Every structure is written in structure tokens, then in C-alpha cells.
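Visitor: Please show me the structure. Then tell me how its parts are named.

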Amino acid sequence: MKDRILRLLRAAAKAYKEFKSGFRLGADGKEAFSAVLRSLENSLGQYGLQYDYLCGADSAKTDGITQNYVPAPGDAVLMDLSVGKDGVWCDVCRTFFVGYADRKQRADFAALKGALRAGEKILCAGARAEDVFGAVNGALGGELVHHAGHLFGTGPLMPPRFMRGERAVLEEGSFATLEPGLYRKNFGIRIENDYFIGGNAENLFEGLMPLELEDYILQ
């Protein structure tokens, strides 16, 4: 299963990169997203897809698809991709910034990276889902408004979700995400990585899509 998931993650990373390289100011957001669909088809042939694609003020929502909107300088573009093929799924998210990221966006991006690292420290076999949530949410000062992650593998979103009061214990050999997000009045940012749970968490995606903010500026 791990090899099949890694194939999906490589395809997702390629799709994100082709979205960035093909992005043009003045293009409709859905037109820009078509590069993601073409890339996934070229990499995988037939595949399953569930996604959020939120531009501008819509990125302050936690899910949905922005319609009939031309991304403008200063906008955030949040793209959460759950890709499936051959009985397995991956689930990752990256947020891009049109033209530049302002001071508040940069601060939130850094805070989310810190929240990921806090979650990674306890994401292991034997950890309770509620404790993973507590680590991620605590690093964000209690501002996380949704779960901090979940299991995946044979589906894109599998229980347990990492939430307050969820006492399920993570099992060795499972696959999990961490997905901290911050949502402001005019923008939102979410980051999601996929992990293999052993004695510790093996990050399966960040090597393909490092979290250097400048890599997510759309020119």
C-alpha cells in the first residue's frame, strides 16, 4: 500500500508544480485549476479526486470550490487534493499566494509550520487522536477550527479524526495526515502532509513539496 500511496503523492506534487508554472494573472481560477486535472490524468490515467479549491476571500472558508473568480495580487489560493487509484488514496493540501504574501500571511504560514512540527512530535503508534489535536491546536493558540488531521489509506478521510475528546489510539502501520489551518477575514491558509505511522511519523510528502513560503508565490 505504501508504494501505491507514494505514487499518488508524486502525482499530486507534480500537479501542484504544474499549477504554479502555468498560473497567469488575469486567468479565471477554474481555468488555472485545469492544469491540476491535466497533470493528474497524465500521471495516473483514470483516478478519483475529491478537492477544495478556494481563492481570495473564499480561502477563509474551510471547504468548497471557488467559481467565476479571477485571483488577484494578495489573494491566497488554498488547494486540498485527495487523489485515489487502485484502492488507495492520498490527502494533501498546499496554499499559494498570488504575487506576494503579506506580513500577516507570512506569520500564519510560519505558525502553521510550527503546528505541524508540534503534531509530528507525538504522531506515533500508541498516541491518542485527542493528544495529536491538542499538540497542533496548542501550537496555534487554540485557533484551530477543524480537526488536526485523520487517518487515510483505503479512503481519503478515515476515522479517527484528530479532535478534542477523540480517544482512539493510533496503530503502527497506519497512515495519517496533519492539516493545521488558520482562517482570517480575507484569507485562509491550510497545510496538510501525509505520514506513515511507525515508532515515529515518517513524512511522506514534504520532501516532494518543501514548506518554503517563496516556493508558493504565484507570479
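Guide: Helices (H or I, at least four residues) and strands (E, at least two) are DSSP runs, numbered from the N terminus. This is a predicted model, so local features need pLDDT of at least 70 and side-chain atom pairs count only at pLDDT 80 or more, while totals for chains, interfaces and linings use all residues. Residues are numbered from 1 along each chain as its sequence is written, and side-chain values use heavy atoms, with hydrogens and water left out.

Visitor: Which strand holds Pro160?

Guide: Look at the peptide bond from Pro159 to Pro160: it is cis, with omega near 5°. Most peptide bonds are trans. Pro160 falls within residues 158-161, the run called strand β5.

Visitor: Is Phe96 buried or exposed?

Guide: Phe96 sits in strand β3, residues 88-98. Buried means under 20% relative accessible area, exposed over 50%, and partly exposed in between (1.4 Å probe, protein chains only). Phe96 has 1% relative accessibility, so the term for Phe96 is buried.

Visitor: Which residues does Phe96 touch, not counting those up to four places away in sequence?

Guide: Contact means heavy atoms within 4.5 Å. Leu44 is 52 residues from Phe96 in sequence and 24 Å away in space, C-alpha to C-alpha. The residues that Phe96 touches are Tyr16, Phe19, Lys20, Asp75, Ala76, Val77, Met79, Tyr216 and Leu218.

Visitor: At what angle do helix α1 and helix α2 pack?

Guide: Two packed helices are described by the angle between their axes and the distance between the axes. Axes are lines fitted to C-alpha atoms, for helices over the stretch in contact, and angles run from 0 to 180 degrees between N-to-C directions. Here α1 covers residues 2-22 and α2 covers residues 29-44. Their axes are 8 Å apart, and the angle is about 145°.

Visitor: What is the hand of the crossing of α1 and α2?

Guide: A crossing is left-handed if the near helix is turned anticlockwise from the far one by less than a right angle, and right-handed if clockwise. The crossing of α1 and α2 is right-handed.

Visitor: How many residues of that contact are nonpolar, polar and charged?

Guide: Residues of α1 in the contact include Leu8, Ala11 and Phe19, and those of α2 include Phe33, Val36 and Leu40. Ala, Val, Leu, Ile, Met, Phe, Trp, Tyr, Cys and Pro count as nonpolar, Asp, Glu, Lys and Arg as charged, and the others, Gly among them, as polar. The contact of α1 with α2 divides into 11 nonpolar, 2 polar and 3 charged.

Visitor: How much space lies in the largest pocket?

Guide: On a 1 Å grid over the protein atoms alone, a pocket is an open set of points where a 1.4 Å probe fits, with protein on both sides within 12 Å along at least five of seven lines; lining residues have an atom within 4 Å of a point. Grid points are joined across faces, edges and corners, and a volume is the space filled by probe spheres set on the points. For the largest pocket, that space is about 320 Å³.

Visitor: Which element gives the most to the lining of the largest pocket?

Guide: The lining has 17 residues, and Asp52, Asp80, Leu157, Glu179 and Arg190 lie nearest the centre. They divide into 3 nonpolar, 6 polar and 8 charged. Both β1 (48-55) and β2 (76-85) supply at least two residues. With 3 residues, the element that gives the most is β1.

Visitor: What is the phi of Asn68?

Guide: Most residues other than glycine have a negative phi. Asn68 lies in the loop between β1 and β2. Asn68 is exposed, because its relative accessible area is 73%. Its phi is positive, near 50°.

Visitor: Which residues is Asp86 in contact with, leaving aside neighbours within four places in sequence?

Guide: Asp86 sits in the loop between β2 and β3. Its phi is also positive, about 55°, although Asp86 is not a glycine. At 51% relative accessibility, Asp86 counts as exposed. Its contacts are Arg4 and Arg7.
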